[in-house]
Amino acid sequence: MNEHTLSLRLERVAANVPHGARLADIGSDHAYLPVALMRRGVIAAAVAGEVATTPFHAAQRTVRDNGLEQHITVRLADGLAAIEAADGITAISVCGMGGETIRDILESGKAHLSGQERLVLQPNGGEQPLRQWLMDNGYSISSEELLRENRFYYEIIVAERAGPVVYSAEQLYFGPLQMQARSPAFIAKWQRMLHQKQKTLASLERARQAVPEDKVQEIARQAGWIAQLLA
Ligand SMILES: C[S@@+](CC[C@H](N)C(=O)[O-])C[C@H]1O[C@@H](n2cnc3c(N)ncnc32)[C@H](O)[C@@H]1O
């Protein structure tokens, strides 16, 4: 992967960034996403935010090598602190991190959100707590995608602030739109997950004394939801 050839995962994230957007890519690493989108003429400008110095320097290098310093600002910053009001950001991507980490970035950076930005989020696991945060903060999920690349499943969650929204516990767990669409990838993912949960439950059963009962109950509840979904 590089700024010319994105992974399928980042290609699908790119497809959800609106034309003409002013993008903040948080946790940008090499800045491949904003640089590819800028090279293609999809976005008007970008901020690439990085909290760690090695990826920050890598992002600076990619931007410089592509002669895009006038259009992409690379900032060393924690989460949404990379965004300044004058940037006029209209879309924020946070990709390739755990859902809890993305949630924490959104929560601690709330002051930097105008509420007008489209959020394009690609969590690696932890989708449920991330969707919970979106619901609790008035973000409605406008699009969801599940894809498989290199034997891993990746979710892309697109959200916009549109007033109060209520999702059920199952919708937060599976994704409200994915539950409706029931794509082949979605069914395959949850078949695999059910198998894993059943294996976990069987091994917890054997080690009963050491495991808190509420943990076992939670996994059993999730396995029940998945079995119902697939029935
Ligand atoms: C696995 S990489 C993903 C890179 C790219 N977004 C992608 O999806 O391919 C995660 C990056 O997020 C950065 N990161 C983690 N927490 C961050 C935070 N709070 N603020 C900014 N960057 C962060 C890490 O330094 C790392 O470079």
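I began with the ligand. Its shell has 16 residues, and G27, D29, V51, C95 and G96 come nearest. I took a residue as near a molecule if its C-beta atom, placed from the backbone, lies within 6 Å of it.

A note on the model and its numbering. I am working on a predicted model, where local features need pLDDT of at least 70, side-chain atom pairs count only at pLDDT 80 or more, and totals for chains, interfaces and linings use all residues. I number residues from 1 along each chain as its sequence is written.

Which strands supply the shell? I found that β2 (45–50) and β4 (91–97) each supply at least two residues. β4 gives the most, with three residues. Elements are DSSP runs numbered from the N terminus: helices are H or I with at least four residues, strands E with at least two.

I then sorted the shell by class. It holds eight nonpolar, five polar and three charged residues. Nonpolar here covers Ala, Val, Leu, Ile, Met, Phe, Trp, Tyr, Cys and Pro; charged covers Asp, Glu, Lys and Arg; the others, Gly among them, are polar.

Next, helix α4, residues 99–108. I listed G99, I102, R103, I105 and L106 as buried. Seen down the axis of α4, these buried residues fall within an arc of 160°, so they line one face of the helix. The arc is taken over the directions from the helix axis to the C-beta atoms. Buried means 20 or more other C-beta atoms within 10 Å of a residue's own, exposed 12 or fewer, partly exposed in between.

What covers that buried set? I noted β1 (22–26), β4, β5 (118–123) and α5 (127–136) among the covering elements. Contact here requires C-beta atoms, placed from the backbone, within 7 Å.

I turned to β6 (139–149) and β7 (152–161). They pair in the antiparallel sense over ten bridges; pairing needs at least two DSSP bridges. I141 stands opposite A159 in β7. The two strands form a hairpin with two residues between them, and N150 in the turn has a positive phi of about 50°. R151 lies in the loop between β6 and β7, and its phi is also positive, near 70°. R151 is exposed, with 5 other C-beta atoms within 10 Å.

A31 sits in the loop between β1 and α2 (32–39). Is A31 buried or exposed? A31 counts as buried, with 28 C-beta neighbours inside 10 Å.

How values were computed: Contact = placed C-beta atoms within 7 Å.
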